[in-house]
Amino acid sequence: MSEAQTAVEKEQFRRYILRLRDRQSTRDIEQKSMEIMDQVLHLNEYVRARGIACYVSKDSEVDTRRLIRKALDAHKRVLVPVVKKGDIDLFFSEIKDLGKELAPGSFNIPEPKAEYLRPASLDAVDVLFVPGIVWDKEGYRLGWGRGYFDRVLKTLPEHVRSIGLSFNLQLVNRVPRDQFDLPVNTVVTESRVVRCHS
Ligand SMILES: Nc1ncnc2c1ncn2[C@@H]1O[C@H](COP(=O)(O)OP(=O)(O)OP(=O)(O)O)[C@@H](O)[C@H]1O
Ligand SMILES: [Mg+2]
């Protein structure tokens with residue numbers, strides 16, 4: 001398949017699954033996110049982690065706030081992604097208080113306010129939680145189509161495990177792939193922990 005065809009297929013998948021994800025009630029999103037977090041909190045790699053990097057959820061994404069709070073309560077270091085306008089790479093910043101340090105940033109994603117920016121390397125964490133719109137059982141994913149997380153996964157320190165968070169309805173047979181797409185190690189849904197690549 002040509003690159004152009006793959007891009008069209010990716011866009012169709014994104015739109016279709018995003019509509020399903022958006023159609024869930026707030027109550028559903030809360031309930032399912034809770035189930036996903038119950039699985040995550042028992043994963044060996046999470047329990048052992050001294051630090052985690054985790055996206056801050058918005059809209060119909062799997063809600064990560066409970067996970068971030070639990071990690072902070074357990075005295076794990078918590079890094080969140082930050083997008084600098086015009087930059088093609090994300091960077092990560094450490095947060096210490098979910099309640100007071102964040103405000104809507106690029107793309108309206110909650111990010112640390114300027115006075116709470118504490119840039120940190122992913123060397124400081126053992127697990128990276130990855131957002132996505134579409135996932136498959138081999139750990140391949142589609143995000144918003146900007147390639148941010150492909151570039152993060154490409155430069156991820158070897159010791160860091162990557163975990164995708166997904167509602168069951170976001171999991172498909174096979175996500176269209178091209179040369180830069182990289183899979184995560186594990187995908188967690190409400191009902192499954194899918195081990196993909198080690
Ligand atoms: N490692 C990389 N080096 C250069 N370009 C890249 C790299 N990774 C991705 N890209 C480019 O980024 C663009 C978006 O990629 P893709 O459609 O896979 O996004 P995505 O994975 O859905 O988005 P995101 O990772 O932001 O959630 C593509 O044009 C792709 O070629
Ligand atoms: Mg990609």
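## Exercises on a mixed sheet and a ligand shell

In this predicted model, seven strands build an open sheet of mixed pairing, ordered S3-S2-S1-S6-S9-S11-S12.

**Exercise 1.** Find which strands stand at the edges of the sheet, and explain why one side of each is left without a neighbour.

*Solution.* Start at the ends of the order. Strand S3 (90-95) and strand S12 (193-195) stand at the edges. Each has a single partner strand, so one side of each lacks a neighbour in the sheet. On average, neighbouring strands here are turned by 25° against each other, direction ignored.

**Exercise 2.** Trace the pairing around strand S1 (residues 51-54).

*Solution.* Take S6 (residues 127-130): S1 runs parallel to S6, joined by three bridges. Here isoleucine 52 has valine 127 as its bridge partner. Now take S2 (residues 77-83): S1 pairs with S2 over three bridges, again in the parallel sense. In S2, valine 78 stands opposite isoleucine 52.

**Exercise 3.** Describe how S2 meets S3.

*Solution.* S2 and S3 run antiparallel, with six bridges between them. Then look at the hairpin: six residues lie between the two strands, and glycine 86 has a positive phi near 85°.

**Exercise 4.** Characterise the shell around ligand 1.

*Solution.* Begin with distance. Of 14 residues around the ligand, Gly143, Gly147, Phe149, Asp150 and Phe180 come nearest. Next, origin: helix H6 (residues 148-154) gives the largest share, five residues. Finally, class: five residues are nonpolar, three polar and six charged.

How values were computed:
Residues are numbered from 1 along each chain as its sequence is written. Chains are lettered from A and ligands numbered from 1 in the order in which they are written. This is a predicted model: local features need pLDDT of at least 70, side-chain atom pairs count only at pLDDT 80 or more; totals for chains, interfaces and linings use all residues. A residue is near a molecule or strand if its C-beta atom, placed from the backbone, lies within 6 Å of it. Helices (H or I, at least four residues) and strands (E, at least two) are DSSP runs, numbered from the N terminus. Ala, Val, Leu, Ile, Met, Phe, Trp, Tyr, Cys and Pro count as nonpolar, Asp, Glu, Lys and Arg as charged, and the others, Gly among them, as polar. Two strands pair if DSSP finds at least two bridges between them. Axes are lines fitted to C-alpha atoms, for helices over the stretch in contact, and angles run from 0 to 180 degrees between N-to-C directions.
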